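Here is a short briefing on salt bridges and nonpolar cores. Have the model open as you read.

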Amino acid sequence: MNGHDAGDGAAAEISWFAALCDDDYRYLGVAEPELASSYQHCRDITLTAERNGFDNILLPSGYTLGIDATAFAAAVAPATERIRLLLAVRMGELWLPQLARQLATVDRMLDGRLTVNIISSDLPGETLESAPRYRRTLEWMKVLRMLLDGESVDFHGEFVDLALDPPRARTVSGECPLFYFGGFSEAAKETAAEACDVFLTWPDTVAGVAETVSDMRRRAARRGRRLRFGLRSHVIVRETGAAAKAAAARLVSRLDDQAGAAIRGRSLDAASAGVRRQAELRDLSDDDGYVEANLWTGIGRARSGAGAAIVGDPDEVAAKLGAYRSVGIDAFILSGYPHIEECSRVGSSVLPLIPHGRLPRELSPQT
């Protein structure tokens, strides 16, 4: 079913994760040099995702971890033919006009296959309270969209003071790529409702995701806008449900709790509202780490971001994705450890069960 039009009401965009942030393991929390982020390793993840039919791939952004996402996107673009790149960029990290030129140039290199993950975390070396940080992010998103849409800018705000014409470098479509954005604080949700295209949520119960989708739809509607919704989750799939649960247990079998806490604390967003919710889910889980059927929170013991995995056989994983689809999720960003091996498993056993394709630029009337 690969290649279905995501605008037909049945297909979802299914993406993988390129682990540019030193987040690849055989045993969670036990670093292995060959799995550390490098151009070669992350390129191999990206090409594996493309060969296995994934529609998009997230290129995460960090400072203390891994390698630079924008440089990687430019380098890997000529090696890809079909897959989109979801490039994470931190608002405020680069001068806005230069960022617009870079994104337009990378989109050209990809023949129009660029999408953008907007990040609002603290910048390296600074700490800014949540409310002003999201005000800065909102201004950057608005002006970046104007520049990528080819519009002249005359904007004088709290953080952006800019009057200039757009760069000659333009995207293939002449329009701004889709903005994917996530956040769970009040300021983050209001920013998303006003300026993003795809609101990303982290793993939660199906009911919890439904509540988030309903909340964000109301916030966007108050502004006369509509959003798409994406879910970022890990996945562990095996031939049987018992084998998948065993693989989950094996993944954390060498994890030292102090090492796990150190990994969680390294992220620039380690104290965010979203991270707190992931911790709450772990507290609500049973003794084996399952907060509901096929949703395992043990992976969050050594990860500051998305802290749960969908675990099961191919039919169970597809059914769980379908349950999220039924409450409004349009896109999935999946990952698993090690990333190349799990990408091939999901690609061969789960993707054929799910209609999927790229998210179109325009929302369908019924969305």
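R219 and D215 sit four residues apart in helix 6, so about one helical turn separates them (helices, H or I, of at least four residues and strands, E, of at least two are DSSP runs numbered from the N terminus). The two form a salt bridge, with the closest N and O atoms 3.0 Å apart (a side-chain nitrogen of Lys or Arg within 4 Å of a carboxyl oxygen of Asp or Glu). This is a predicted model, where local features need pLDDT of at least 70 and side-chain atom pairs pLDDT 80 or more, while totals for chains, interfaces and linings use all residues. Residues are numbered from 1 along each chain as its sequence is written, and side-chain values use heavy atoms, leaving out hydrogens and water.

**Around D215**
- R219 counts as buried at 8% relative accessibility (buried is under 20% relative accessible area, exposed over 50%, partly exposed in between, with a 1.4 Å probe and protein chains only).

- E13 and R84 form a salt bridge, their closest N and O atoms being 3.7 Å apart.
- E13 belongs to strand 1 and R84 to strand 3, so the pair links parts 71 residues apart in sequence.
- Both E13 and R84 are buried.

**Nonpolar cores**
- The largest nonpolar core has 91 residues, and W16 and L59 touch the most other members (a core is a set of buried Ala, Val, Leu, Ile, Met, Phe, Trp, Tyr and Cys residues joined through side-chain atoms within 4.5 Å).
- Helix 4 (residues 130-148) gives the most to this core, with eight residues.
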